[in-house]
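Open the model in your viewer and keep the sequence panel at hand. The tour goes from the whole chain to single side chains.

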Amino acid sequence: TGNDMPGPHEPSRTRASAQQWKNAIQAQKNVVTSLQKQIDELNSSIHYVEANRYRGGVQHNERQAEKQAQAQRMEMQLQEQKRSLEQMQEGARRDGYGSAIYDP
């Protein structure tokens with residue numbers, strides 16, 4: 001229909017205040033930033049060696065592979081958190097708030 005009014009079978013939606021949206025969006029941005037920093041730090045700590053040239057090289061490389069798998073899992077979490085942020089921002093826009101609210 002082109003408007004954001006609930007239809008006959010949709011529950012009515014309570015409009016959040018500007019401050020509620022801003023606080024929620026900023027908190028979600030902080031989650032995204034923190035997770036990205038953790039991923040970056042983990043990725044920068046991954047260093048493989050030539051296993052046959054170093055004592056314990058095989059075990060070292062196994063730990064590096066575990067860290068790499070953990071970073072990949074965290075990356076999937078990051079994508080989910082980014083989607084949540086986008087949904088929050090879209091919700092604030094739907095409620096009629098400008099970029100000062102949805103992109104603090």
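The stops below say what to select and what is there.

**The whole chain**

Begin with everything shown as a cartoon, and keep in mind that this is a predicted model. The protein chain has three helices and zero strands, and along the sequence the pattern reads α-α-α. Of its 104 residues, 22% count as buried. Among contacts between residues at least 6 apart in sequence, 70% join residues at least 24 apart.

**Helix 1**

Select residues 18-44, which form helix 1. How far apart are the end C-alpha atoms of helix 1? They are 39 Å apart, which agrees with the 39 Å that 27 residues should span at 1.5 Å a residue.

Now colour the buried residues of helix 1: Trp21, Ile25, Gln28, Lys29, Val32, Leu35, Ile39 and Leu42. Several positions in that list can be read with the helix turn in mind. An α-helix has 3.6 residues a turn, so residues three or four places apart point the same way. Show the other helices as well, and look at what lies against these side chains. The buried residues of helix 1 pack against helix 2 and helix 3.

**Lys29 and Asp103**

Asp103 lies in the segment after helix 3 (99-102) and Lys29 in helix 1, so the pair ties together parts that are 74 residues apart in sequence. Asp103, at 45% relative accessibility, counts as partly exposed.

**Gln64 in helix 2**

Move to helix 2, residues 57-94, and pick Gln64 within it. Gln64 has 4% relative accessibility and so counts as buried. Which residues does Gln64 touch, leaving aside its neighbours within four places in sequence? The contacts are Ser45, Ile46, His47 and Tyr48.

Glu90 forms a salt bridge with Arg93, and the closest N and O atoms are 3.1 Å apart. Both partners are partly exposed: Glu90 has 33% relative accessibility, and Arg93 has a relative accessible area of 35%.

How many aromatic pairs does the structure hold? The number is zero.

**Glu50 and Arg53**

For the last stop, select Glu50 and Arg53. Their side chains meet in a salt bridge, at 3.6 Å from N to O. Glu50 is partly exposed, with a relative accessible area of 49%. Arg53 has a relative accessible area of 60% and is exposed, since that value is over the 50% cut-off.

To review the charged pairs together, show the side chains of every stop above. Side chains of opposite charge can pair when their charged atoms come close.

Terms used:
Residues numbered from 1 in each chain as written. Predicted model: local features only at pLDDT ≥ 70, side-chain atom pairs only at ≥ 80, totals over all residues. Heavy atoms only, no water. Helix = DSSP H or I, 4+ residues; strand = E, 2+ residues; numbered from the N terminus. Buried < 20%, exposed > 50% of the residue type's maximum accessible area, 1.4 Å probe, protein only. Contact = heavy atoms within 4.5 Å. Phe/Tyr/Trp six-rings, centres within 6.5 Å; stacked < 30°, edge-to-face > 60°. Salt bridge = Lys/Arg side-chain N within 4 Å of Asp/Glu carboxyl O. Expected span 1.5 Å × (residues − 1).
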